[in-house]
Amino acid sequence: MYFDSLQAALAMEGHGIYVWTVVAVSAVICVGLLVLPARSARRFIAELRVDDVPEARAAPGVRIEEVNNASGS
Amino acid sequence: MSAPYASVNAFLGASLKRQLLLAYRRPVDTINPLLFFLLVVTLFPLGIGPEPAQLAEFAPGILWIVALLASLMAAEGMFRQDYEDGSLEQLLLAPQPLYLASLTYTAAHWLVTGLPLTLLSPLFATMLQLPVAALPVLMLSMLLGTAVLSLVGSIGAALTVSLKRGGMLISLIIVPLYIPVLIFAAGAVRFAAEGFDASPQLLLLAGMLSLAVALAPFAISAGLRISVDAG
Amino acid sequence: MWTWFHKLGSPPWMYRISGRILAVLLPLTVLMLVVGAVWGLLYAPMDFKQGNSFRIIYFHVPASVVALAGYYVMAIAGAVSLVWRMKMAEVAMKCAAPVGAALTFLSLLSGAIWGKPTWGTYWVWDARITSMLILFFLYLGVMALYQAYENKEAAGKACAVLSLVGMVNIPIIYKSVDWWYSLHQPATIKFTEESAMHSSMLQPLLLMILAFYCLFTCALLLNMRSELLRRGAGTGWVRSLAGAG
Amino acid sequence: MSAAQSSASALVSVRGLGLERGGRPLLDGLDLDIAAGDLVLIEGPNGSGKTTLLRSLAGLSRLGLTGNIARHCDELLYLGHRAGIKQLLTPRENLAWACRSQGWDAAAIDSALERVGLSGRADVFCQHLSAGQQRRVNLARLYLSFDAGRENSLWLLDEPFTAIDRDGVAALAATMAEQVARGGAVALTSHQDLPLDTPLRRLVLGGGP
């Protein structure tokens with residue numbers, strides 16, 4: 001280890017506050033990047049199980065008629 | 001071989017003529033950016049003080065930032081009218097390539113916003129005490145730079161024209177892309193004001209213009225197709 | 001080759017395979033991050049010019065490098081989605097944006113904190129920092145454009161176009177900012193002057209860069225899985241997943 | 001006639017078309033050929049996808065679309081809800097622009113404007129015209145297209161009778177019949193029946209979800 005003691009490592013000769021702040025922010029962002037999407041996916045699956053989304057609706061049908069307008073309609 | 005060229009030329013001519021005619025019949029779109037420019041230029045001496053030396057030092061940056069903002073303002077409304085009245089749909093259906101149509105739209109837009117700004121820039125520059133020796137470089141940088149701004153701005157306009165609240169969005173999209181123009185153009189004017197040779201920056205601006213002319217119409221066309229479809 | 005390409009476009013296949021990749025990559029990423037951080041913070045020697053604040057480099061530089069690379073990943077995914085109309089590429093593009101933006105934000109924040117002991121102020125218009133700020137705007141622009149479109153298919157296409165435009169511009173922006181910086185502030189201390197970096201400092205940095213690349217990949221895959229589930233709501237594979245899981 | 005043959009002579013042929021808007025399926029697996037001589041009336045309640053289908057046929061709409069649409073027409077005329085009329089141009093100028101690729105001539109524009117009853121207002125800015133008159137400026141394009149007499153011409157008309165009086169509707173329908181008789185094709189959406197006795201194909205889009 002470069003530092004003599006834990007105290008020295010925390011203080012880093014006066015620069016500790018900056019370095020450790022960056023470490024903390026980085027940790028928060030890294031963990032957030034991994035946890036947030038995973039949690040959102042898990043929650044989505046859980047919600048699905050509760051109110052079981054209905055099957056995708058089929059498109060309504062189309063009718064093609066060949067008519068002579070005079071006699072038809 | 002000559003027939004397609006002739007028809008392309010005829011299309012470019014007709015399209016440019018139509019856009020310019022429309023701009024002529026609605027002069028407020030041309031006058032507004034100029035008025036905006038004048039207003040903001042007036043604000044700077046009031047904000048930072050009237051000392052000529054100080055103004056002269058900031059003049060290149062001020063002139064170019066205001067030109068950028070004026071161009072941004074003008075870009076926002078570029079396709080709005082055509083989108084709302086359905087002209088864009090007809091443009092997409094036309095047999096002529098959309099690439100050319102995008103280019104003529106942008107060219108017309110530049111002719112009624114960027115070019116007047118270029119022509120009037122010596123006036124604004126004089127108000128801000130920019131040395132007379134720097135005026136030719138200023139005009140040249142405006143000529144090249146505002147054309148790049150128009151091309152880049154119309155990409156943003158094409159992508160946001162179908163959106164209800166496009167105003168702030170278009171700034172966010174476009175301003176980062178404007179930055180190289182601001183840096184080199186203001187740098188060129190600054191160099192000229194300090195008596196150095198500004199031709200490298202002007203050449204870089206010319207290079208950016210070539211790149212923008214070649215590539216921007218693809219993005220504009222794609223943006224217009226998406227916007228008409230999404231609307 | 002084509003079957004592979006075809007499979008890549010299939011949401012259930014992608015969901016399954018990404019799960020398997022993550023099972024390996026995620027622990028590895030965490031391990032590399034922890035080892036790299038401990039190595040850099042506690043074992044690497046101190047830089048004599050900047051003192052211990054230099055250790056911020058082990059977070060700032062990897063975040064910056066990967067944030068920039070992330071924009072290229074996003075733009076290339078956008079290009080693939082436009083050219084081959086591949087839905088999966090569009091999902092990747094959409095999901096890369098927030099990850100890249102978060103890393104850009106980390107880069108900016110760590111740069112600002114680093115600035116205080118180095119220059120005595122939290123914000124200096126240094127060329128790197130300024131470029132990162134512009135990159136941050138580029139990311140925000142793509143994300144805001146996506147949000148603004150109600151039709152998400154149109155949103156995907158519009159963002160693909162915008163990120164491609166951004167990709168063409170990034171080298172120009174970086175070069176122009178470099179030139180601008182050299183013009184206004186000739187040669188002070190630069191963050192990333194690694195020319196004389198000792199290998200005992202460089203090794204943990206390289207490890208951290210690798211770790212951040214892996215972190216980006218993991219976060220991207222996790223985001224994509226979440227997005228795939230949402231898009232696939234109502235289709236068979238998501239229903240069976242909900243039933244089985 | 002087999003499918004392959006019919007698609008060869010079709011001005012636009014649709015295969016396995018699926019349409020979806022806002023997560024709602026509108027169409028699925030539609031096969032449709034519009035051949036020379038066809039007059040197709042697309043019907044259906046509001047929100048059933050009439051306009052979207054017409055825009056897809058024109059090639060304006062691609063979002064949420066699956067399947068294939070192949071166009072083989074030499075001339076495509078699409079008139080949508082938005083008129084494509086510039087308020088600051090006169091009817092004459094608008095038409096000159098609209099038919100620029102046909103190589104317009106002044107006489108054709110005059111005659112088209114006369115047939116829609118706008119010959120007296122040819123040089124007034126469109127912003128001074130009523131809504132119905134503006135619609136008619138747009139419809140004058142149909143006459144111009146008809147007079148140009150291009151082969152394989154396809155008209156796609158979205159609600160062409162909106163804001164048009166009874167006589168106008170009759171004249172318009174007659175023009176469509178002529179266009180069809182001459183070997184062109186027309187597809188239109190409308191809430192009203194065509195006052196015509198030409199054979200008509202009806203495409204009835206589904207009655208809601």
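Is Leu26(C) buried, partly exposed or exposed, and how many other C-beta atoms lie within 10 Å? In this predicted model, Leu26(C) has 19 other C-beta atoms within 10 Å and is therefore partly exposed, given that a residue counts as buried at 20 or more. The residue is part of helix α2 of chain C, which spans residues 11–43. Between Leu26(C) and Met201(C) there are 175 positions in sequence and, from C-alpha to C-alpha, 25 Å in space.

Of the 245 residues in chain C, 44% are buried, and the C-alpha atoms occupy a box of roughly 60 × 40 × 30 Å along the principal axes. When contacts in chain C between residues at least 6 apart in sequence are considered, 79% of them connect residues at least 24 apart.

Two packed helices are described by the angle between their axes and the distance between the axes. Within chain C, helix α4 (residues 87–119) and helix α5 (residues 127–148) pack with their axes 9 Å apart and at an angle of about 150°; α4(C) and α5(C) are therefore roughly antiparallel to each other, and their crossing is left-handed. On the α4(C) side the contact includes Ala97(C), Ala101(C), Phe105(C) and Leu108(C), together with Gly100(C) and Gly111(C), while the residues contributed by α5(C) include Met132(C), Phe136(C), Tyr139(C) and Met143(C). By class, the residues of this contact comprise 15 nonpolar, four polar and one charged.

The contact of α8(B) with α10(B) draws on 20 nonpolar and five polar residues, with no charged residues.

In chain D, helix α4 (residues 106–115) has Ile109(D), Ala112(D) and Leu113(D) as buried residues. Seen down the axis of α4(D), these buried residues fall within an arc of 100°, so they line one face of the helix. An α-helix has 3.6 residues a turn, so residues three or four places apart point the same way. The cover over the buried residues of α4(D) includes helices α3 (91–98) and α5 (131–148) of chain D. After α4(D) comes Gly117(D), which has a positive phi, near 75°.

Between chains, five pairs touch, and the pair with the most contacts is that of chains A and C. Here 29 residues of chain A are in contact with 39 residues of chain C. Helix α2 (residues 16–51) of chain A supplies the largest share of the chain A side, namely 19 residues, and the residues on that side divide by class into 22 nonpolar, four polar and three charged. Chain A and chain B, by contrast, do not touch, and their nearest C-alpha atoms are 21 Å apart.

Definitions and conventions:
Residues are numbered from 1 along each chain as its sequence is written. Chains are lettered from A and ligands numbered from 1 in the order in which they are written. This is a predicted model: local features need pLDDT of at least 70, side-chain atom pairs count only at pLDDT 80 or more; totals for chains, interfaces and linings use all residues. Ala, Val, Leu, Ile, Met, Phe, Trp, Tyr, Cys and Pro count as nonpolar, Asp, Glu, Lys and Arg as charged, and the others, Gly among them, as polar. A residue is buried if 20 or more other C-beta atoms lie within 10 Å of its own, exposed if 12 or fewer, and partly exposed in between; C-beta atoms are placed from the backbone. Helices (H or I, at least four residues) and strands (E, at least two) are DSSP runs, numbered from the N terminus. The arc is that of the directions from the helix axis to the C-beta atoms. Two residues are in contact if their C-beta atoms, placed from the backbone, lie within 7 Å. Axes are lines fitted to C-alpha atoms, for helices over the stretch in contact, and angles run from 0 to 180 degrees between N-to-C directions. Angles under 35 degrees count as roughly parallel, over 145 as roughly antiparallel, 65 to 115 as roughly perpendicular and the rest as oblique. A crossing is left-handed if the near helix is turned anticlockwise from the far one by less than a right angle, and right-handed if clockwise.
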